Amino acid sequence: MSYFVHSDENRKEMLKTIGIGSIEELFDCIPENICNPEIELDKPLDEKSLKEELCVIGGKNKMIKNFFSFIGGGAYNHYIPGAVKSILGISQFYTSYTPYQAEISQGTLQYMFEFQSLICRITGMDISNASMYDGASSLAEAILMAGKINGNKKVLLSAAVNPQYREVCRTYCSGQNIDIKEVGYKNGKTDINLIRDEMDEMAGSVIIIIQNPNFFGCFEDVYELHDILKKYPECFFIAVINPMSIGLIKRPSDYGADIVVGEGQVFGNALSFGGPYLGFFATKKDYLRQIPGRIVGQTVDTDGNKTFVLTFQNREQHIRKYKATSNICTNHSLNALAATVYLSIIGENGLRHISNICLQRAHYFAEKIKPLDKFQLKFNSGFFNEFVLSSRLNIRDVIDRFYKNKILPGIYLGDNYPELRDCILVSITEMNSIESINKYTEVLKSF
Amino acid sequence: MEKYIKFTKTYEYIITDGNAGIVGISREACDKLGDIYLIELPELGKEVKKNDEVGVIESVKSAFDIFTPVSGKIIEINRLLGEKPELVSEDPMGKGWIFKIDMIDKTELNDLMDYEEFKKFINEAG
Amino acid sequence: MKTIFQKSKKGSNNFKIEETGINEFDLSELIPSELLREYEIGIPELSENEVVRHFTNLSVKNYGVDNGIYPLGSCTMKYNPKINEEISNFNCFADIHPFQREEDIQGCLHVIFGLGEMLKKIVGLDAVTLQPSAGAHGELCGLLTVKKYFDEKKEKRNIAIIPDSAHGTNFASASMAGFEVIEIKSDRDTGTIDVGLLENIINKEFDKIAIIMITNPNTLGIFEKDILKISEIIHKNKSLLYYDGANLNAIIGKVRPGDMGFDIVHLNLHKTFSTPHGGGGPGSGPIIVKKELKEFLPVPVVEKNANRYFLNYNLKNSIGRMKSFYGNFSVILKAYCYLLSIGNNLKIIAEDAVLNSNYLKYKLKDFFDIPYKKNSMHEFVISAKNYKQTGATALNIAKRLIDYGIHPPTVYFPSVVDEAIMIEPTETENIDRLDYLVDVLKKILNEAKNNPDILKTAPVEKDIKRVNELKALKEPILKQ
């Protein structure tokens, strides 16, 4: 299949209309010595052969469903209702362009408006954009925005924030002379005393970043942090959240966040080997003109009908160029659609219920570990659906035995946290049955 | 009237009155901007140098930086534009004035264009 | 149409999932009391069939490539092959966690590596990363790579030269990467880079110049025929040449950016490589660089050792990471499938794309001012400036096209052309579609003469008329 639509006769006819002899004439402008290079590609595959080839390639992967998987760490295995996939397959959603022409894009514009509204409801903030690439890059953009608003060039970043997110922040900030200082953790939570000391020293002109629940799954002392930050009105507090946890816990607006970002993959987006996922970005209405990304607004048309339109576009790169709030153009609209449909399908109670399954089963699991001799929970702080399991045995050997039992036990932490080289991060969702948790503990007992 | 008015390459005008100048954006700039909905006014009392960016005008499809044509101190700003930004496009040289500046070096006006030169400049740029 | 919130009714949600299956703990034992949420957040409640109806009815208001021609300049709205959609939904690709062991993800790594190798060949450069999520993301990645390259050489080069016709992302990315921008004015007659002007800039700033960012053909669809000369000038100055690949569709297979002298290239998989635009995204913006820049690329890169693929985190001077994980995998997968389907027919993409564009341009030349005609490739810009008085502004023409079932082309970009309408048909439109577009444009010009009001109020035949954008700004409603 090559998707070309012209026969040789068609091409001849068109060349004749234009009045030129050959298609090559249209490429005369290309310097002859570099034109028509030898590019070594195989013969085209027809559709049937393509499918067969990709089945073979796909066969080299081992799917999560063939294991009992307890891997999380920023990407989570949640159930995706059939309706989500079905709506995502509607071609007028996925083959359409950015909704710059409002009159023929009300479908996209409305679901984007609904997505923005849902993000505001979940985060408690006033405004949300229409999506970004992922949680990590959304966080990096939040730092850049906060830096522009009050000239802050200093960041206090908790070491309990997802390590990949911290790396992305450092990469983005390298273009901007922003100073990132990491704050350590204690018992799995950010050491609030360290933050208190830093704030006293820096007199408040700082951007603080906390993830709640954090990378270890622990609930952070966000209210204590809020009390400290009240003394420093010029500081900026960016909260990173797993929105699934909002099924049970308070929203960051309750504890004083200025910007809330996070990863929306948990809502209806497949694991898909890491992407595309869904960055969300929400903030207070005072910062409307500084927020990056596209925003949809509600207005009327000339007949007074309610319509939606891309608005405040003059923050964006196509109008503001180097003064734009961000360079972002293409976003993750379709992933936002998946999240919007997912939330609409599960509803208010569904969100609470799924969140509760994750929490309850994770704690059921933790209880089964407590009596074990060679394994323990590393931290005893409250946690959502992930915890850190440590062992006095060689953790690599432990992991190997799990693989032999077709269990993916978690993520080895030693690469990113050398002090946790005897630990793995274990994640539990509604996709982890009680049977799988029991099997896991059986293997633990076998050591 | 024209001989007291000068224009800049960035489409502002300045109407001089003794040591003070009234600055706004030209009708031609308004045409480019379309419907204006917001004006970020300059800071009252600020001391600025010629060509400093002092404010922004935002329209539906565009954003326009306002540059000061001369150096001096900003002594008055048109606060009415906060409520009624459309005044700028309705009457850019009159009610739509943006700020008044106390000039420190009137010779800077010699670098600016009169209306005929400004019209020529627009045609060539265009 | 009502929003999903307006349709919500308490008690109507019928979604079921299993119970926790254990004796539940009391929430207050597990969650610190100050964090326990009691209040409702307002997720809508509807039955599944009403949710499906809601979104299905929304989709009908959209126009996709599957509906008809989409001649948006600079966007390359070509056909999105359905088999690629099907393959990307295979469980063996969708049900893979990015943190699985390398031995269990060889299929995914094969795809990423395979696409990377093909892109290196197409572009004619040495090293690739598929991590960036979009063109702009690729630009930022590329510019940060360049910055680190010069930092390592201890050269203080902080200026990026960008043509005034460039896409807005170029400027914004340069600013985000910490560069100062010098905008170079396009030649008034040819629309291309004025080499003399470029030389002046270089003579003035020489050792402060890091890079020049070029789209070729440029955003007017015109091939930068002086590219080899430009490459020579830039490299003599020890600066780098960056290729914005948004317009690769015009030249793919016909010439390689590496051969034109480019050191660093970003591509848009959702443009040239047929992956769907998704109403705004997701896309993918890989960057391909010459070997001297490889060590600065973001980690990890996918490499191959004997018959095994692996993730290489050991790039000596990597800029770090642009996002979590490895890239927009399902987008990469679709582009991979597309290239396997095209194979060694690659250059027919460019040939048919450029033929289609020139055919349209020929048929419209007597009706519209076309300021830049020479060396015009896969897209061209017409100006509606002669019709402004009749009401046939670029905007009004665009809106009236909607009444004829055609998605408007890009309007008012690039800004160097007054009342610009930029048309890019792509290679997947046949002659009937092209002729229809021409006929409709001619009809609209007639209407401008005889019935100008219909243009000023267009679209008239859709449920939604001209949208009040000013009101959206003055009275913002950004959520419900």
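Q: In which loop of chain C is Lys154(C) found?
A: This is a predicted model, in which local features need pLDDT of at least 70, side-chain atom pairs count only at pLDDT 80 or more, and totals for chains, interfaces and linings use all residues. Residues are numbered from 1 along each chain as its sequence is written, chains are lettered from A and ligands numbered from 1 in the order in which they are written, and side-chain values use heavy atoms, with hydrogens and water left out. Helices (H or I, at least four residues) and strands (E, at least two) are DSSP runs, numbered from the N terminus. Lys154(C) is found in the loop between helix H7 (135-152) and strand S2 (159-163).

Q: What is the phi of Lys154(C), and is the residue buried or exposed?
A: Most residues other than glycine have a negative phi. Lys154(C), which is not a glycine, has a positive phi near 60°. Buried means under 20% relative accessible area, exposed over 50%, and partly exposed in between (1.4 Å probe, protein chains only). At 74% relative accessibility, Lys154(C) counts as exposed.

Q: What relative accessible area does Lys406(A) have?
A: Lys406(A) lies in the loop between helix H12 (395-404) and strand S15 (407-408) of chain A, and its phi is positive, about 55°, although the residue is not a glycine. Lys406(A) is partly exposed, its relative accessible area being 48%.

Q: Which residue is joined to Pro414(C) by a cis peptide bond?
A: Pro414(C) sits in the loop between strand S11 (410-411) and strand S12 (420-423) of chain C. With omega at about -5°, the cis bond joins Pro414(C) to Phe413(C).
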